[in-house]
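Please look over the sequence and the structure shown here. The paragraphs after them go through the model step by step.

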Amino acid sequence: MRVAVVMPRGSQMSRARPNSMETVAGALLEPSRLKNQTHVICDAGASDPALPNLVAVPDGLSRSRRAAVVARAIEALNPDYVEYHQQLDSSAALARRLPGRVHVLYRHTRIKPARGLVNRIRYGARLAAFDRLVFVSGAARAEFAADYPRFADRASAICNPIDVKGWTADPDDRDKLIIFSGRAMAEKGLEPLCQALEVVLDRFPDWQAALMLGDWDRHADWAQPRLQPLARFGDRVAIHRSASLSKVKAVMRRAAIAVTPSFVAEALGLSALEAHAAGAALVSSGRGGLREASGPHAVYVEDPQATALVEALSGLILDPVARVEMARAGQAFVVANHTPAVRAAQLDTLRETLVARRVAPTVRENLLVQMISAALPLSAPRWAWAGPRPQGPLTGT
């Protein structure tokens, strides 16, 4: 079977500065048993492409022009299965434009609930274009099923993978360092974390902190005042604005403790996977898919306000034996459950099953047509066969 993977507008699949969606797509492709039959469609412009044989769409096209170019690229590849990452509206339009294939939306974040009759109709029409919707955690799938019960049986969950080879370090050999890695915005819990760090760093003067803040340019006006109280600690608090992935890896591999104090229900929480893979002990809010990322191997703070974060961080600092044991268990959990090989096998099985279920009825129906046609007298009009019937929703897995 042939597979086309369509990355969202703006994705270049660059090795130097991959975003989280590009990292996931690349990690899933490398160990895939369908790797040699898969082509990735993305924007041109990467000086060091992360994958070979990318199908590059010219940069700078309007939305409508880009859609036309992507449609032609899909038609030229003639895949049995098309997988669209993230974008709902434009992907649904492409799926409707290219019938006769399996179309799947791979969603990295939640699909917001539809408000009002017009939005419900609009979202319903978009979702109906897909044979399947894949979410990156069981929590994200359950949230979608509650918001869109009509499409619950089309939703599957395949947790994000992480390539542990690039992250793994010894949990015993760590700096006295607390790390936060995430976007510099309120919903990630940055403000109460900054407040907690003031207390913790005063209480434990031999400890330091590093804040790896993504999308800095977009959130600087909000974030800068929250960071200002930490300036009194000087170089004990390192602020990395829009740090590269290589920089995040380097710091995470040294940190004894990582924190994911998100207020929102995370689809999964790639930063939690990274912390575990690197060998850091984790303090987590556990919201959304964060518990699936960590299992029982994190200190969970149900309400990630400053006081609770201080207590959790202080507990790990004061008990280094328990801290290292937790870090080792979390690292082993990620290796056993979240590696690309595990997740790619799940995705490949889903792909093959969806294509087989679409193709199998077509074979049976064509055989039935041949049998009926052969039994008809020559004078009788032949049945003009117009192709397979549309297939209904598939049961969820």
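What covers the buried residues of α2? In this predicted model, the cover includes β1 (3–6), β2, β3, β4 and α3 (88–97). The buried residues in question are Arg66, Ala68, Val69, Val70, Ala71, Ala73 and Ile74. Helix α2 itself runs over residues 63–77, which makes 15 residues. From its first C-alpha to its last it reaches 21 Å, close to the 21 Å expected at 1.5 Å a residue. Just after α2 comes asparagine 78, with a positive phi of about 50 degrees.

The whole protein can now be set around this helix. Its secondary structure comes to 13 helices and 13 strands. There are 397 residues in the protein, and buried residues make up 50% of them. Taken along the principal axes, the box that the C-alpha atoms fill is roughly 95 × 45 × 40 Å. Among contacts between residues at least 6 apart in sequence, 70% join residues at least 24 apart.

Asparagine 53 has a positive phi, near 60 degrees. Its place is in the loop between β2 (38–43) and β3 (55–57). Asparagine 53 is exposed, because its relative accessible area is 64%, and exposed means over 50%. Serine 242 also has a positive phi, near 50 degrees, and lies in the loop between β10 (237–241) and α8. With 29% relative accessibility, serine 242 counts as partly exposed.

Next come the empty spaces. Rolling a probe the size of a water molecule over the atoms shows where empty space is left. The largest pocket has a volume of about 1,700 Å³. Of the 46 residues that line this pocket, Ser20, Gly182, Arg183, Lys188 and Asp215 are the closest to its centre. At least two lining residues are supplied by each of α1 (20–29), β8 (175–183), β9 (208–214), α7 (216–227), α8 (245–252) and α9 (270–278). By type, the lining of the largest pocket divides into 18 nonpolar, 17 polar and 11 charged residues.

How many cavities of 30 Å³ or more are there? The count comes to one, and the volume of the largest cavity is about 80 Å³. Its lining is made up of Val5, Ala25, Leu28, Leu29, Thr38, Val40, Glu83, His85 and Arg351. Two or more of these residues come from each of α1, β2 and β4 (81–85). Helix α1 gives the most, with three residues. The lining of the largest cavity divides into five nonpolar, two polar and two charged residues.

An α-helix has 3.6 residues a turn, so residues three or four places apart point the same way.

Two single residues close the walk. Is alanine 267 buried or exposed? Alanine 267 is buried, because its relative accessible area is 14%, and buried means under 20%. Alanine 267 is found in the loop between β11 and α9. Leaving aside residues up to four places away in sequence, alanine 267 touches His108, Thr109, Val136, Ser137, Ala140 and Gly289. Alanine 267 and phenylalanine 135 are 132 residues apart in sequence, and their C-alpha atoms are 7.8 Å apart in space.

The other residue is arginine 218, found in helix α7. Arginine 218 is exposed, with a relative accessible area of 65%. Between arginine 218 and alanine 231 the separation is 13 residues in sequence and 21 Å in space, C-alpha to C-alpha.

Technical notes
Residues are numbered from 1 along each chain as its sequence is written. This is a predicted model: local features need pLDDT of at least 70, side-chain atom pairs count only at pLDDT 80 or more; totals for chains, interfaces and linings use all residues. Side-chain values use heavy atoms; hydrogens and water are left out. On a 1 Å grid over the protein atoms alone, a cavity is a set of points where a 1.4 Å probe fits but cannot get out, and a pocket is an open set with protein on both sides within 12 Å along at least five of seven lines; lining residues have an atom within 4 Å of a point. Grid points are joined across faces, edges and corners, and a volume is the space filled by probe spheres set on the points. Helices (H or I, at least four residues) and strands (E, at least two) are DSSP runs, numbered from the N terminus. Ala, Val, Leu, Ile, Met, Phe, Trp, Tyr, Cys and Pro count as nonpolar, Asp, Glu, Lys and Arg as charged, and the others, Gly among them, as polar. Buried means under 20% relative accessible area, exposed over 50%, partly exposed in between (1.4 Å probe, protein chains only). The expected span of a helix is 1.5 Å times one less than its number of residues. Contact means heavy atoms within 4.5 Å.
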